[in-house]
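Subject: Structure for you to look at

Hello,

Here is the structure I said I would pass on. Please open it first, then read the notes below.

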Amino acid sequence: MNIDLTFIGQIVVFVTMVWVLKSLLYTPINDAMASRTKKIEDGLAAANAGVEAEALAKAEAEAAIAAAKNQAQDIVAAAERRAAEVKEESVIRARKEAEAIVDAGKEELGAEVIRARQELRQEVATIAIAAAEKIIDAELDATRHNHLIDEAIATGLATA
Amino acid sequence: MQIHLDTMLVTLVVASLMIGFSLWLRGKIIAGAPTGAQNAVEALIGFVNDTVRDNFPVHNPIIAPLALTIFTFIFLCNSIDLLPAYLLGHTAHLFGIEHFRPVPTNDLNLPVAMALTVFGMVLYYEFKLKPGHFMKELLLQPFASLLLDSKNPLVKFLGVLLIPLNFTLKLIEEIAKPLSLSFRLFGNMFAGEVIFLLIAMLLLADSSEQLASFGGIASELIGIMVGVGWSLFHMFIGLLQAFIFMILSVVYLSIAHQPAEH
């Protein structure tokens with residue numbers, strides 16, 4: 001049990017082993033571990049970015065839906081307003097038409113009354129003429145009698 | 001000068017196995033999800049990296065591979081102890097080699113070689129990183145620095161006189177590091193091996209009648225039980241000593257890397 005040449009040999013073996021293991025085992029594995037760590041970190045960062053993007057998209061979608069709802073409500077309100085207007089317009093128009101019909105009816109009635117009066121007047125005239133003819137047949141003073149007849153018609157019409 | 005062929009042979013076999021394993025693994029290293037052997041080696045390297053990072057104030061790329069080599073190499077050498085006590089010795093005997101001692105860490109040369117290599121690195125970094133500070137510490141600690149700061153010339157002269165004493169004390173302090181490092185490993189492994197041989201003697205019998213007797217059978221049973229127990233315990237000791245050697249090397253080197261305080 002003493003220190004001898006083995007000591008030198010062991011130093012050589014040890015130093016060689018440190019060098020060999022460093023280049024063959026430690027460095028490649030360490031590099032692989034480091035690159036994996038980086039990859040995992042990148043992946044986590046990407047996942048976080050994805051989550052954020054999803055939240056953003058969700059918020060945007062919600063905003064779009066809210067805007068669409070508002071728009072729809074506006075459209076419905078406008079449609080309701082328009083319907084009310086249309087209803088009112090049609091009511092007014094119908095009323096006007098009714099009034100026009102009534103007016104036309106009244107005018108027609110007036111015209112009818114006038115026509116009836118004229119017919120009546122002519123009939124009366126005809127009757128009067130017939131009567132006059134008969135009177136003429138009886139008394140041949142046509143001129144005086146016609147004057148009397150006209151007077152009688154005028155008074156008759158005024159009372160009619 | 002003589003050379004211990006058994007130590008050299010076993011060390012070279014262990015080293016070749018480690019190199020072969022490294023070469024075999026190197027072709028299969030992937031940066032993706034690791035499997036099998038790469039997993040185990042990565043756990044080991046991660047552990048060594050953590051240990052070095054916890055102790056070192058600065059980054060030195062050689063420390064972690066050094067610690068890894070110390071740990072794995074010593075652990076593998078210690079593990080040879082778990083083979084049956086006389087197996088390798090008797091096998092070697094068949095090839096005409098007398099007095100074959102299989103465990104290289106039982107040979108003082110290996111622990112001393114590793115400890116002195118580490119010690120050499122400590123001295124190298126001490127002189128490289130803070131030469132003035134280390135020389136001052138070597139010559140003026142623990143007694144002289146206060147005396148030399150004094151205005152009184154007589155006290156100052158006393159301080160100069162004390163320099164050899166300081167140097168001796170510091171030398172003992174520094175030499176104690178590799179000495180304790182190597183002797184701790186050697187002592188533990190040597191004692192373990194001796195106990196293995198003693199346990200193996202329980203199993204020895206002169207003849208088949210003796211082996212078949214009640215005492216023989218009891219001795220065999222006790223021997224096997226104690227042998228299994230000691231194997232388990234010694235496996236733990238081998239791991240522990242490898243770890244202690246590694247962590248103390250890292251600590252000594254980290255002390256050399258500490259920035260000078262004054």
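B:Leu165 counts as exposed because it has 12 C-beta neighbours inside 10 Å (exposed is 12 or fewer other C-beta atoms within 10 Å of its own, buried is 20 or more, partly exposed is in between, with C-beta atoms placed from the backbone). B:Leu165 sits in helix H9 (residues 163-202) of chain B; helices are DSSP runs of H or I, at least four residues, numbered from the N terminus. From B:Leu165 to B:Ile195 there are 30 residues in sequence and 42 Å in space, C-alpha to C-alpha.

Before going on, note that this is a predicted model, in which local features need pLDDT of at least 70, side-chain atom pairs count only at pLDDT 80 or more, and totals for chains, interfaces and linings use all residues. Residues are numbered from 1 along each chain as its sequence is written, and chains are lettered from A and ligands numbered from 1 in the order in which they are written.

How do H5(B) and H9(B) lie relative to each other, parallel or antiparallel? The axes of helix H5 (residues 109-129) of chain B and H9(B) come within 8 Å and cross at roughly 150 degrees (axes are lines fitted to C-alpha atoms over the stretch in contact, and angles run from 0 to 180 degrees between N-to-C directions). The two helices H5(B) and H9(B) are therefore roughly antiparallel (over 145 degrees; under 35 is roughly parallel, 65 to 115 roughly perpendicular, the rest oblique). Residues in their contact include B:Val112 and B:Phe119 of H5(B) and B:Leu181 and B:Leu185 of H9(B); being in contact needs C-beta atoms, placed from the backbone, within 7 Å. By class, this contact has ten nonpolar, one polar and one charged residues (nonpolar is Ala, Val, Leu, Ile, Met, Phe, Trp, Tyr, Cys and Pro; charged is Asp, Glu, Lys and Arg; the others, Gly among them, are polar).

Helix H11 (residues 214-257) of chain B has buried residues, among them B:Phe245, B:Met246 and B:Leu253. What covers the buried residues of H11(B) includes H2, H3, H5 and H9 of chain B.

The chains also touch: 28 residues come from chain A and 35 residues from chain B. On the chain A side, 19 are nonpolar, five polar and four charged. Helix H1 (residues 5-138) of chain A packs against H2(B) at about 90 degrees, with the axes 10 Å apart, which makes H1(A) roughly perpendicular to H2(B). Among the residues that meet are A:Tyr26 and A:Ile29 in H1(A) and B:Val41 and B:Ile45 in H2(B).

Regards

Technical notes: Two residues are in contact if their C-beta atoms, placed from the backbone, lie within 7 Å.
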